[in-house]
Amino acid sequence: LQDIIPQPLLDQYLSMTDPARAQTVDTEIAKHCAYSLPGVALTLGRQNWHCLKDTYETLASDVQWKVRRTLAFSIHELAVILGDQLTAADLVPIFNGFLKDLDEVRIGVLKHLYDFLKLLHADKRREYLYQLQEFVVTDNSRNWRFRYELAEQLILILELYNPNDVYDYLRHIALTLCSDKVSEVRWISFKLVVAILQKFYTNNANALGLNFINELVVRFRHSSKWVGRQAFAFICQVG
């Protein structure tokens with residue numbers, strides 16, 4: 001129970017996840033409920049999150065991907081409302097589930113990946129380093145905008161990790177994206193590569209920077225394919 005809004009009104013809202021209502025009232029009612037949830041959570045405040053927690057978990061496992069997609073697009077906003085402790089306890093498991101969902105759902109967490117990760121403690125954030133490379137693989141390889149969004153997010157995410165982590169994990173993703181079949185993805189990836197180099201040198205990780213430059217020379221400057229050599233020229237141009 002809470003005293004922020006009339007309890008009957010809250011009860012009415014929570015009942016929107018009842019499957020019977022979807023059959024008799026509106027087939028889209030669970031989606032409407034998911035769309036409104038951050039606003040309801042903000043109104044109630046984090047001290048009353050217990051009123052919404054079960055409903056949120058029910059929506060997060062809804063059979064309709066449109067419902068899960070709606071939550072995926074707003075989970076970073078909910079994390080701001082709930083704070084780091086509740087986010088770690090109640091949102092991270094759901095976030096992890098969305099990471100393994102359909103591309104239509106994954107794109108929701110991907111578009112705001114930086115916004116969510118920056119709210120986590122450093123140790124929890126490091127757990128996602130290995131998982132980031134899973135975004136390179138999509139249900140449909142022709143979904144190039146997914147990989148484009150990944151490159152854009154990684155440019156932002158660089159600030160959240162130390163140079164060694166960037167070198168060990170994010171560097172591989174950047175190199176893979178630089179060889180993408182779609183030119184738009186390659187272009188944004190060249191900017192990612194330059195951002196990684198800037199990360200190394202602004203943090204005095206000169207050895208890592210030099211290793212990465214040598215890798216770029218071997219992979220692209222001396223590539224047997226013209227598109228590889230062109231990529232090297234574009235990387236130099238962006239830099």
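The following legends describe close-up views of a predicted model.

View 1. The domain assignment of the protein places residues 1–120 in domain 1 and residues 145–238 in domain 2. Taken over C-alpha atoms, the centres of domain 1 and domain 2 are 35 Å apart. In this predicted model, 10 residues of domain 1 make contact with 9 residues of domain 2. About 900 Å² is buried between domain 1 and domain 2, and 75% of this area is on carbon and sulfur atoms. On the side of domain 1, the greatest losses of area to domain 2 fall on L110, K111 and Y114, which together supply 62% of what that side buries.

**View 2. Polar pairs and helices at the domain interface.** The interface of domain 1 and domain 2 holds 5 residue pairs in polar contact. Two or more residues on the side of domain 1 that touches domain 2 come from each of α6 (103–111) and α7 (113–117). Of these, α6 gives the largest share of that side, with 5 residues. By residue class, the side of domain 1 that touches domain 2 comprises 5 nonpolar, 1 polar and 4 charged residues.

**View 3. The salt bridge between K111 and E149.** Across the interface of domain 1 and domain 2, 1 salt bridge is found. K111 pairs with E149, and the closest N and O atoms lie 3.1 Å apart. The model as a whole has 9 salt bridges by this rule. Because K111 belongs to helix α6 and E149 to helix α9 (residues 144–157), this pair ties together parts that are 38 residues apart in sequence. K111 is partly exposed, at 35% relative accessibility, whereas E149 is buried, at 11%.

**View 4. The salt bridge between R126 and D165.** The side chains of R126 and D165 form a salt bridge with an N to O distance of 2.8 Å. R126 is in helix α8 (residues 122–126) and D165 is in helix α10 (residues 163–178), so the pair links parts that are 39 residues apart in sequence. With a relative accessible area of 43%, R126 is partly exposed; D165, with 5%, is buried.

**View 5. The salt bridge between R147 and D180.** R147 and D180 are joined by a salt bridge in which the closest N and O atoms are 2.4 Å apart. R147 lies in helix α9, while D180 lies in the loop between α10 and α11 (183–202), so the pair ties together parts that are 33 residues apart in sequence. R147 and D180 are both buried.

Notes. Residues are numbered from 1 along each chain as its sequence is written. This is a predicted model: local features need pLDDT of at least 70, side-chain atom pairs count only at pLDDT 80 or more; totals for chains, interfaces and linings use all residues. Side-chain values use heavy atoms; hydrogens and water are left out. Domain bounds come from an automatic or database domain assignment. Contact means heavy atoms within 4.5 Å. Buried area is the accessible area (1.4 Å probe) that two parts lose on being put together, summed over both. A salt bridge is a side-chain nitrogen of Lys or Arg within 4 Å of a carboxyl oxygen of Asp or Glu. A polar contact is a pair of N or O atoms within 3.5 Å; within protein, one must be able to donate a hydrogen and the other to accept it, and residues adjacent in sequence count only if both atoms are side-chain atoms. Helices (H or I, at least four residues) and strands (E, at least two) are DSSP runs, numbered from the N terminus. Ala, Val, Leu, Ile, Met, Phe, Trp, Tyr, Cys and Pro count as nonpolar, Asp, Glu, Lys and Arg as charged, and the others, Gly among them, as polar. Buried means under 20% relative accessible area, exposed over 50%, partly exposed in between (1.4 Å probe, protein chains only).
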